[in-house]
Every structure is written in C-alpha cells, then in structure tokens.
Amino acid sequence: MRVVLLCVFAVNLAGGFLTMKSKMARIAMTLSNSPNRVVIEVDGVNAPITSANFVDIVNNKIYDGTVFFRVIDDFVAQGGDPAHRGPEYSDLPGVPMDLETGRDRTIPLEIRAEGEPLPEYRAPLSDDKQPVLKHVKGAVAMARTNDPNSASTQFYFVTGSPDHTRHLDGSYAVFGHVIENIEAVLRIKKGDFIEQAVVLPPGCDLEEYIPPTRQDLEKMQQEYGHSQSGEEEEEGEEQTQGEDKAQQNFEE
C-alpha cells in the first residue's frame, strides 16, 4: 500500500526509492577548515539511488553542522551523522524517516559492475566483477554497518591511495567524486564539520523508482550481452575491411 509523501525526504515506499532523473548533479559543501567551497559531482547513471539519497539529504539541510567524527590518515574522512552536530545546529532535521516502518530511512547497496547495463542491488559484487566507480582519492561513498543495506546519511571521502582503499571496491557504494578543492578534503581532521551543503543550479529532479531484482538484471544482462557481441562483430568486420570492470563500521 502506498502512502502520501509528507515531504520529499520521507520516502521509501512499497519497495521504491528516490532516484535521479538527471545524469549528474553538483553539490557545494563549505567545510570549517577552508574558506573555499568543496564541489562534489554525484553520478546519477552509475549510482542513481545513492546519488538521489545524497541530494535529498542536502536539500533538507541534514548535513549542515555535521562533524567528521572518524578520520584515518591516508584512508577516509567519515561524517554526515546528524547526531554529531554542534548546538548551534540543533534545530535542523535528523535522519530521514521511512514512512512505512517509522524507522530511519536506509537505502540498498547499489554498485554497477563494469560491462553491465545497470547497477546491482542489495549485495556486494562477486569477486570476478569490478565496479565502475572505485575508491580512488577524492571519491565519495556511503558508510554503513555490516548490513549491506543499512546506509542512511553517513558518508565518507576517500583520502588515501588505491593501495589502501582498493579492498573496499565492490563492497561499499561510491556515488561521486570531488571536482573542486580536494585540498580541503585531504586536510580534514577529526572535529572539522560541514558548515553548509547546497545543490548547485540547475538543481536535480528526483522521482520514485523500484530497483530491478536479480532476475531482472540477469535477463537484461543476457539481452545486453547479445547486443554488445553483435556490435563487436560489426566493428570487427569494419576493421577487417579497412585493416584491424563508514554509517559507520566498514573495515580499513
């Protein structure tokens, strides 16, 4: 049964989630450690639900005032928990609520593997697959508990080299990257906080979406695979004629 939305951030109905209509959106984040804004680009193609969740939280000012409470040098800087805020921000909203359960809103793990037409949901990628969006320096990803589908508001910036973060690929959902002022991100210390986060013009439209099941994905992969192989054969013929893939507690 569907429920009437009281407000955009109170979503998660009948198996549906918010998703981005646009391919990309940009968020400007002012950190307490820098006079210059940090700009994040979120990826609505490879991580549409995770990106929409982030945009929705920014639109509702939930990140404003939140502290980076877990900072590990050459690894990650984690924040985004409304429970970690200064008193001057106490009147701002907390974690969004799921209207169906009355609990904190969470989103499914969402990772798109290289060579696949859509993201996979609710479980880490198998060892034989590589994610499109990887844990490189400047990447932005959702933190979570040991439950793959427990991500809510907490996120982290990747501040380390791939040698220190590669093991997170395929298990945690990267959804964007820093495109401006990464220097401020790399300087984040425990206790630094987000003064303000806003979605930059032209903004981003969100809509409800029910992610595909594993069976849907398998069927789509078969169709996509046939299509791809056909294209490769055509390309091969042309060449012959001419010449020739922490919320809180992720592991380090």
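Tutor: Let's start with a term: a residue is buried when its relative accessible area is under 20%. Keep in mind that this is a predicted model.

Student: Okay, then how does phenylalanine 155 count, buried or exposed?

Tutor: The relative accessibility of phenylalanine 155 is 0%, so it counts as buried. Phenylalanine 68 also comes out at 0% and is therefore buried.

Student: What kind of ring pair do phenylalanine 68 and phenylalanine 155 make?

Tutor: Look at the angle between the ring planes: over 60 degrees counts as edge-to-face. Here the planes stand at 80° and the centres are 6.3 Å apart, so the pair is edge-to-face. Phenylalanine 68 sits in the loop between α1 and β4, while phenylalanine 155 belongs to strand β9, so the pair ties together parts that are 87 residues apart in sequence.

Student: And how are the rings of phenylalanine 68 and phenylalanine 157 arranged?

Tutor: That pair is tilted, because the planes are at 35°, with the centres 6.0 Å apart. Phenylalanine 157 is in strand β9 too, 89 residues away from phenylalanine 68. Zoom out and you'll find one aromatic cluster made of Phe54, Tyr63, Phe68, Phe155, Phe157 and Phe175. Across the whole structure, a search turns up eight aromatic pairs.

Student: Now the sheet. How many strands form it, and in what order?

Tutor: First, the general idea: strands of a sheet pair through backbone hydrogen bonds, either parallel or antiparallel. In this model, eight strands make an open sheet, ordered β4-β5-β9-β8-β10-β3-β2-β11, with antiparallel pairing.

Student: Which strands stand at the edges?

Tutor: Those are β4 (70–72) and β11 (194–199); each has a single partner strand, so one side of each has no neighbour in the sheet. On average, neighbouring strands are turned by 25° against each other, ignoring direction.

Student: Which residues touch the most other members of the largest nonpolar core?

Tutor: In soluble globular proteins, nonpolar side chains tend to be buried together. The largest core here has 37 residues, and the ones touching the most other members are Ile27, Met29, Ile40, Val42, Phe54, Phe155 and Phe157. Helix α1 gives the most to this core, with six residues. There's also a second, separate core of eleven residues, with Ala141, Ala143, Tyr172 and Val174 among them.

Student: Last one: which residues of β1 are buried on each side?

Tutor: In a regular strand, side chains alternate between the two faces of the sheet. Strand β1 (residues 17–20) is covered on both faces, with Phe17 and Thr19 buried on one side and Leu18 and Met20 buried on the other. Four bridges connect β1 to the antiparallel strand β12 (residues 206–209), and phenylalanine 17 stands opposite tyrosine 209 there.

Terms used: Residues are numbered from 1 along each chain as its sequence is written. This is a predicted model: local features need pLDDT of at least 70, side-chain atom pairs count only at pLDDT 80 or more; totals for chains, interfaces and linings use all residues. Side-chain values use heavy atoms; hydrogens and water are left out. Two strands pair if DSSP finds at least two bridges between them. Helices (H or I, at least four residues) and strands (E, at least two) are DSSP runs, numbered from the N terminus. Axes are lines fitted to C-alpha atoms, for helices over the stretch in contact, and angles run from 0 to 180 degrees between N-to-C directions. A nonpolar core is a set of buried Ala, Val, Leu, Ile, Met, Phe, Trp, Tyr and Cys residues joined through side-chain atoms within 4.5 Å. Buried means under 20% relative accessible area, exposed over 50%, partly exposed in between (1.4 Å probe, protein chains only). Rings of Phe, Tyr and Trp (its six-membered ring) pair if their centres lie within 6.5 Å; planes under 30 degrees apart count as stacked, over 60 as edge-to-face and the rest as tilted.
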